[in-house]
Amino acid sequence: MRSLRKTVLLIILVSVVLVLALLHSWPTRAYTTVDVWQRHGPIVERRLEKRLPDPDHRLGNIPFHVRDSVASLLARNGCVCEGDSGGVNLPFAQLLFPRVSAQPLHTAFESAELEEVKRRRAKEYKSFQKRSQTPADILIIAEANNPLQYPTQGVEVRPLKTIIIPGLALRSLPRDHYSINITASLGTLNVAADVDGVKIKGDGEMHMMLSSPLLLNLNQQLQFVTYTNTLFHPNTADTVRFETEGHEAIFSINIRHGLTPKLYNTGSKADYNISALVTIATKTFLRYDKLQDLIDSVRRFYPNVTIVIADDSENPKTISGPHIEHYIMPFGKGWFAGRNLAVSQVTTKYLLWVDDDFIFTANTKLEKLVDVLERTTLDLVGGAVREATGYTATYRQTISIEQGEEDGDCLHIRRGFHHVIQGFPNCVVTDGVINFFLARTDKVQQVGFDPRLARVAHLEFFIDGLGSLHVGSCDDVTVNHATKIRLPWVSQSESDKTYAKFRYPLASSDATQLKNGLLFFKNRFQCLTHN
């Protein structure tokens, strides 16, 4: 009986200890439910709309003269896809006198399904806009002769952290009493110090009022105003309203984490150590003889550089040797899927992308390309590819997007570049380059390659990277292209026939339709023009 009583008491004691431990470890913070969409509340939206200036009707009687040369530039901002008409139908005419062709992209879908595709695309695009736009993108007009001093840009706070709002002041004419109202929507306002002669109401809340009969004291108090973010979002902005009698100002506070750097330890050598800085990446399919020629040519100039190979051949062969990484994929997985695999295995600061039928020569100076990226803000720099005929190509392309309405935007691709890079007379800034380029590894991994593009793809990577990739091209760094000229008495091997079938599909093939369909739906383009 006594033993049973001891057991019961022990169980009760253990239970009490466990309950106390649970209560001690239970989170005491009160969690709130918040709307994570980055948008204003209706009150803030109405106030911003009211601040947009109405047309001044007094200006209607003042004569003006349109500058056609400038006004025509404004007209180009509309989304119009038109090709050139006419032209000379001669051999090499398109090469010598390139004409712009226009291609509607909705033809990638059957007419019976097009309306449903458009509906789904509109829904996805609306969701994309909500995710990508912040209050910092809203147009705010500063009022004329406003006595309020406030920051116009550059104010930033980490999520759920506190800062002093810099630059707040009131420059007002003398009067008996001064007051300031400050209102936030994603955080609270307070002061880091109390100034004599200033009354504070609402400190620690989203709306705070400061008042004083002494302007200097009020301005001193404004130097201590703090903002604390209370509604977590990793990357958004709060719109703060700053008011005094008869005047109002609005400014943004960016709320975001700082960018986490990805740094690469390239060693202590003063000169560029290419084997520590660069990994060569390529995708191969069936062409093992050309791949081996590429590897042999690389080793003549860069014996210790790592080569990463993605291979989706049906019967893969073993590719081995020092500093070679060979990754096998499912048969025919595709061009961009192979690029993703190869790039994902790169651990150096830079990656050099090459085709598997390139040949390194004495003019393939990777040090020059590294120097460009080390000394500029470029993310990617292309070289030039020399054909057996002696013709050298850089494939420089400019890419622009004109904003359209609900049918989508217009995509325009043109041969050319934007400007020459100071200090590098052989290099230019452009938007797309040839399949021989050196790039910052983290930037390429960030953009990625759409694995649905298995056969026909190249510029799609640069289209996806438009706005985030800073691209250049240098024509003084070249690599040779294995000849594609086949003598008539030399028969084509079965592997070459299979390669050609996969690599060069007909323009009407499913691969081309897939590419156009992705441009239409994923990138929301209605048409494409190019020369």
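# Getting to know a predicted model

Leu168 lies in the loop between β4 (162–164) and β5 (169–170). Keep in mind that this is a predicted model.

User: What about Gln221, is it buried or exposed?

Analyst: Gln221 is found in helix α6 (residues 215–222). Leaving aside neighbours within four places in sequence, Gln221 is in contact with Val191, Ala193, Asp194, Val195, Val198, Ile200 and Leu210. Its relative accessible area is 0%, so Gln221 is buried.

User: Zooming out, how many helices and strands does the protein chain have?

Analyst: The protein chain has 531 residues, and 41% of them count as buried. Among contacts between residues at least 6 apart in sequence, 72% join residues at least 24 apart. As for the elements, the count is 14 helices and 26 strands.

User: How far does helix α8 reach from its first C-alpha to its last?

Analyst: Helix α8 covers residues 288–301, which makes 14 residues. At 1.5 Å a residue, the expected reach is 20 Å. The model comes close to that, with 21 Å.

User: And which residues of α8 are buried?

Analyst: An α-helix has 3.6 residues a turn, so residues three or four places apart point the same way. For α8, what covers the buried residues includes β13 (278–284), β14 (306–311), β15 (324–328) and β17 (358–359). The buried ones are Tyr288, Leu291, Leu294, Ile295, Ser297 and Val298.

User: Why is helix α9 described as largely enclosed by the rest of the structure?

Analyst: In α9 (residues 335–344), the buried residues are Trp335, Phe336, Ala337, Gly338, Arg339, Ala342 and Val343. They pack against β13, β14, β16 (350–353), β24 (437–440), α11 and α12. So α9 is largely enclosed because of its buried count: seven of the 10 residues.

User: On to the pockets. Which element gives the most to the lining of the second largest pocket?

Analyst: The second largest pocket has a volume of about 800 Å³. The elements giving two or more residues to its lining are α5 (111–132), α11 (441–447) and α12 (459–464). With seven residues, the one that gives the most is α5.

User: Which residues lie nearest the centre of that second largest pocket?

Analyst: The second largest pocket is lined by 25 residues. By class, its lining has eight nonpolar, nine polar and eight charged residues. Nearest the centre lie Tyr125, Phe128, Lys522, Asn523 and Arg524.

User: What is the phi of Leu160, then?

Analyst: Leu160 is found in the loop between β3 (156–157) and β4. Its relative accessibility is 36%, so Leu160 counts as partly exposed. Leu160 isn't a glycine either, and its phi is positive, at about 65 degrees.

User: Which residues does Phe521 touch, leaving out those up to four places away in sequence?

Analyst: Phe521 has its place in helix α14 (residues 510–521), and at 26% relative accessible area, Phe521 is partly exposed. In space, Phe521 and Leu105 are 9.2 Å apart, C-alpha to C-alpha, although 416 residues separate them in sequence. The residues Phe521 touches are Val117, Arg120, Arg121 and Glu124.

User: Last one: which residues line the largest cavity?

Analyst: About 30 Å³ of space lies in the largest cavity. Its lining divides into four nonpolar, two polar and one charged residue. By name, the lining residues are Thr430, Asp431, Phe462, Gly465, Leu466, Leu469 and Val471.

Note on methods: Residues are numbered from 1 along each chain as its sequence is written. This is a predicted model: local features need pLDDT of at least 70, side-chain atom pairs count only at pLDDT 80 or more; totals for chains, interfaces and linings use all residues. Side-chain values use heavy atoms; hydrogens and water are left out. Helices (H or I, at least four residues) and strands (E, at least two) are DSSP runs, numbered from the N terminus. The expected span of a helix is 1.5 Å times one less than its number of residues. Buried means under 20% relative accessible area, exposed over 50%, partly exposed in between (1.4 Å probe, protein chains only). Contact means heavy atoms within 4.5 Å. On a 1 Å grid over the protein atoms alone, a cavity is a set of points where a 1.4 Å probe fits but cannot get out, and a pocket is an open set with protein on both sides within 12 Å along at least five of seven lines; lining residues have an atom within 4 Å of a point. Grid points are joined across faces, edges and corners, and a volume is the space filled by probe spheres set on the points. Ala, Val, Leu, Ile, Met, Phe, Trp, Tyr, Cys and Pro count as nonpolar, Asp, Glu, Lys and Arg as charged, and the others, Gly among them, as polar.
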